[in-house]
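I opened this entry to look up the surroundings of the ligand, then the sheet. My notes follow the model.

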Amino acid sequence: MSSIIKLENIVKKFYVGQPNELEILHKISLEVEEGEFVSIVGPSGSGKSTLMNTIGVLDRPTSGTYILDGIDVGEAEESELSNIRNQKIGFVFQTYNLISKTNALKNIELPMLYAGIERTERVKRAKELLELVEMGDRAKHLPEELSGGQKQRVAIARAMANDPAIILADEPTGALDSKTGRLVMDLFHKLNSEKNKTIVLITHSNELAGETDRIISIRDGKIINVKNNLRYKEKNISRNRELMSASNESNIEIENSEEGGEK
Ligand SMILES: Nc1ncnc2c1ncn2[C@@H]1O[C@H](COP(=O)(O)OP(=O)(O)OP(=O)(O)O)[C@@H](O)[C@H]1O
Ligand SMILES: [Mg+2]
């Protein structure tokens, strides 16, 4: 088996042992193969972020087993878990979570600093990553000087800093307009197809979910449906791009002036 993520009967409870104990995830079992791009969809409050936090080792499950790239997370020491978070996983959030007082380049350097990589190497790699997300001309900008889409591209570059095997993205396009969301989604496709990153994407967009290899539907803390989408993936990507460019043509003046303003 080459599952990089293997969850078995994962239960997550909050307020364990207290009168208000809450079971949020009910025996979730899920395997993700290396290089797969899967999406998780479901109503608000269904447990998507709770599941993502478990997969990202930000939180431990109450019971069940989680094997991440061959490591039994339940058996691991806290220091080993923070290494895993730093080395194996890149996180992307809806609200970007960049450090506001420091520029784009330094934000990308940060995970490498924690990993003990020396400065010259850090700067070199951070610059390459800025180029990868087409933000090379914004290295010295503070987050507040960037648009939402630009901030998210910096956040994706930061997620890639230590060349993680897995990228976990919780509603990465949720705060962006559809055109900008399209650019961010294309970036995920690029990281998946060119860099073989395993990607788990939480989204409320059925269109975007339809562009991934597998769509996992969650309701009330249970997986209620898994749709294998590989056959339709490429078709959906190109259809969605066409839809986007058709809807953009009717706005061409506004877009031109926005682009002009950015330069
Ligand atoms: N730290 C916590 N303590 C107590 N309850 C929590 C905690 N985190 C999440 N929950 C509860 O777990 C349930 C699932 O929350 P979660 O954030 O996983 O939903 P979601 O599917 O990501 O929703 P959304 O689409 O709105 O982001 C909610 O009822 C929430 O109140
Ligand atoms: Mg959520």
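I began with the shell around ligand 1: helix α1 (residues 48–55) gives the largest share of it, three residues. Helices (H or I, at least four residues) and strands (E, at least two) are DSSP runs, numbered from the N terminus. The model is predicted, so I note that local features need pLDDT of at least 70 and side-chain atom pairs pLDDT 80 or more, while totals for chains, interfaces and linings use all residues. Residues are numbered from 1 along each chain as written, chains are lettered from A and ligands numbered from 1 in the order written, and side-chain values use heavy atoms, without hydrogens and water.

Next I looked up polar contacts, meaning pairs of N or O atoms within 3.5 Å. An oxygen atom of ligand 1 is 2.7 Å from a side-chain N or O atom of K48. A polar backbone atom of G47 is 3.0 Å from an oxygen atom of the ligand, and for a polar side-chain atom of H204 I read 3.4 Å. The protein buries 61% of the 640 Å² that ligand 1 exposes when taken alone (Shrake-Rupley method, 1.4 Å probe).

Then I turned to the sheet. It is open and antiparallel, with four strands in the order β2-β1-β4-β5; strands pair if DSSP finds at least two bridges between them. β2 (22–33) and β5 (71–72) each have a single partner strand, so one side of each lacks a neighbour in the sheet. I found five bridges between β1 (residues 3–14) and β4 (residues 63–68), and K6 has I67 in β4 as its bridge partner.

Conventions. A polar contact is a pair of N or O atoms within 3.5 Å; within protein, one must be able to donate a hydrogen and the other to accept it, and residues adjacent in sequence count only if both atoms are side-chain atoms.
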